[in-house]
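Biologist: Hi! Could you walk me through this model, step by step?
Modeller: Happy to, let's bring it up.

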There are 4 protein chains.
Amino acid sequence: MESITELRVRYAETDQMGIVHHSNYVIWMELGRSDYLRMLGQSYSEWEALGIRLVVAGLELTYRGPSFYDELIQIRTTLKEATRRKIVFGYRVMRKDALLVEGESRHLVAGTDGKARTLPEELLAWVQKG
Amino acid sequence: MESITELRVRYAETDQMGIVHHSNYVIWMELGRSDYLRMLGQSYSEWEALGIRLVVAGLELTYRGPSFYDELIQIRTTLKEATRRKIVFGYRVMRKDALLVEGESRHLVAGTDGKARTLPEELLAWVQKG
Amino acid sequence: MESITELRVRYAETDQMGIVHHSNYVIWMELGRSDYLRMLGQSYSEWEALGIRLVVAGLELTYRGPSFYDELIQIRTTLKEATRRKIVFGYRVMRKDALLVEGESRHLVAGTDGKARTLPEELLAWVQKG
Amino acid sequence: MESITELRVRYAETDQMGIVHHSNYVIWMELGRSDYLRMLGQSYSEWEALGIRLVVAGLELTYRGPSFYDELIQIRTTLKEATRRKIVFGYRVMRKDALLVEGESRHLVAGTDGKARTLPEELLAWVQKG
């Protein structure tokens with residue numbers, strides 16, 4: 001299963017090299033996993049309301065090509081791993097069929113205090129159904 | 001009285017026009033008022049610890065010239081008005097003697113719930129001493 | 001005439017007050033005017049390809065209420081003034097019928113060198129048809 | 001050799017979790033490598049003036065702990081690898097002795113057109129002296 005997030009590149013996301021600044025893909029990946037959860041029928045804001053946080057523990061990005069102002073971009077998000085303590089998402093940032101950036105984000109399950117906790121069984125089952 | 005904030009322009013702050021994107025001056029003004037309060041001997045994080053928020057109610061910026069990557073920039077901040085309900089800061093963003101941007105921000109005093117409240121007398125006296 | 005830009009609030013756009021950081025409305029206004037030009041049948045990237053830049057000369061924002069993570073927001077953009085040297089856009093940022101932020105941006109027409117120039121008659125007529 | 005970049009956390013860099021949003025470390029790493037080059041006696045803006053770009057090809061970050069508004073943070077940057085085609089920087093983001101984030105960025109040498117080129121021998125020797 002894969003969620004697809006579409007966005008149009010913002011002017012503020014470009015830099016003086018004339019391309020999207022590389023930090024923005026990290027933000028786009030976050031939009032991707034937010035839409036992945038929404039596609040499953042729940043939003044991350046509902047998780048937060050339940051007192052659950054997904055704390056970012058690691059990021060990896062490989063940049064294959066630039067993107068430009070005003071382009072339509074797709075973020076394709078998949079679930080790579082989910083346990084009660086850890087969730088890993090994978091991302092492909094595309095311009096139509098061209099792969100621009102590949103990435104992965106690793107998250108630890110935490111409470112509102114930022115301390116580690118375990119994901120309730122029903123939420124784990126729900127996220128794994130993807 | 002005036003506080004001076006020095007910063008070096010970040011690459012990520014530029015846009016494809018080759019200049020600093022205009023939204024960053026709003027963030028720089030925030031650095032300016034943060035340093036203004038610190039110059040008076042307290043930081044805005046201490047205000048937040050006291051349960052006081054300065055909610056942004058209005059902004060005005062006039063752009064006179066661009067700034068560029070890697071430049072040293074000064075934000076000169078003054079207090080224009082302070083009452084128990086409202087605080088107004090003024091800003092001049094400078095490259096040495098060249099005025100790049102002039103701005104003003106208006107703030108309402110609020111509690112942690114975002115609702116209006118009044119500034120304690122001692123905090124008002126303290127901010128007015130500037 | 002009015003263009004409508006819809007967006008969903010990004011997590012990265014929030015701050016520790018739990019609301020959208022006020023600087024993001026400046027970026028959203030830019031999305032608004034970009035869509036305004038697109039609604040007229042041309043995009044700002046086409047203007048840039050013609051060697052024309054709209055340099056930001058001034059901003060005014062009045063904040064009436066906060067917006068929150070994951071909300072759907074509308075930016076309603078209008079043209080307030082257009083001459084061969086200057087263009088002024090107006091903005092209303094809304095959550096459904098609730099007005100959150102009102103704003104205005106003033107722009108000067110410039111060439112790729114950042115120097116003032118005049119807008120070609122046909123482009124002026126085109127932008128005024130809005 | 002190691003360069004040290006000091007910064008104070010900006011309010012705009014926090015998110016509604018009450019900590020610095022994870023995307024900002026990517027921007028801080030960029031400040032780190034910019035200062036690394038400056039420590040060697042040249043700035044990246046001089047490289048750009050010579051027609052040389054360091055295109056970001058990859059990023060890795062491991063997050064070990066959060067940082068907060070108004071804190072003083074250090075970015076410790078080292079050169080991990082430098083050839084005529086590729087440069088790798090390593091980063092440690094610290095609060096005093098506490099390691100918050102470790103990271104690495106991989107860069108390809110390119111010209112102003114974004115196409116791959118080789119670093120001039122004298123620039124390579126210069127960056128390797130670090």
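Predicted model: local features only at pLDDT ≥ 70, side-chain atom pairs only at ≥ 80, totals over all residues.

Biologist: In strand 3 of chain D, what is the bridge partner of I4(D)?
Modeller: The partner of I4(D) is R76(D). Strand 1 of chain D and strand 3 (residues 72-82) of chain D pair in the antiparallel sense over six bridges. Strands here are DSSP runs of E with at least two residues, helices are runs of H or I with at least four, and both are numbered from the N terminus. Two strands pair if DSSP finds at least two bridges between them.

Biologist: What order do the strands of the open sheet have?
Modeller: The ten strands go 1(A)-3(A)-4(A)-5(A)-2(A)-2(D)-5(D)-4(D)-3(D)-1(D), with antiparallel pairing. At the edges are strand 1 (3-8) of chain A and strand 1 (3-8) of chain D, each pairing on one side only.

Biologist: And how many bridges join strand 2 of chain A to strand 2 of chain D?
Modeller: Five, and these two strands run antiparallel. G58(A), for one, stands opposite T62(D).

Biologist: What holds strands together, in general?
Modeller: Strands of a sheet pair through backbone hydrogen bonds, either parallel or antiparallel.

Biologist: OK, new topic. How many residues does each chain put into the contact?
Modeller: Chain D gives 23 residues and chain A gives 23 residues, with contact meaning heavy atoms within 4.5 Å. Together the chains bury about 1800 Å², 58% of it on carbon and sulfur atoms. Buried area is the accessible area (1.4 Å probe) that two parts lose on being put together, summed over both.

Biologist: Which residues of chain D lose the most area to chain A?
Modeller: M17(D), H22(D) and L59(D), together 28% of what that side buries.

Biologist: How many salt bridges are there across that interface?
Modeller: Zero by the rule, which looks for a side-chain nitrogen of Lys or Arg within 4 Å of a carboxyl oxygen of Asp or Glu.

Biologist: Last one: which element supplies the largest share of chain D's side?
Modeller: Strand 2 of chain D, with eleven residues.

How values were computed: Residues numbered from 1 in each chain as written. Chains lettered and ligands numbered in written order. Heavy atoms only, no water.
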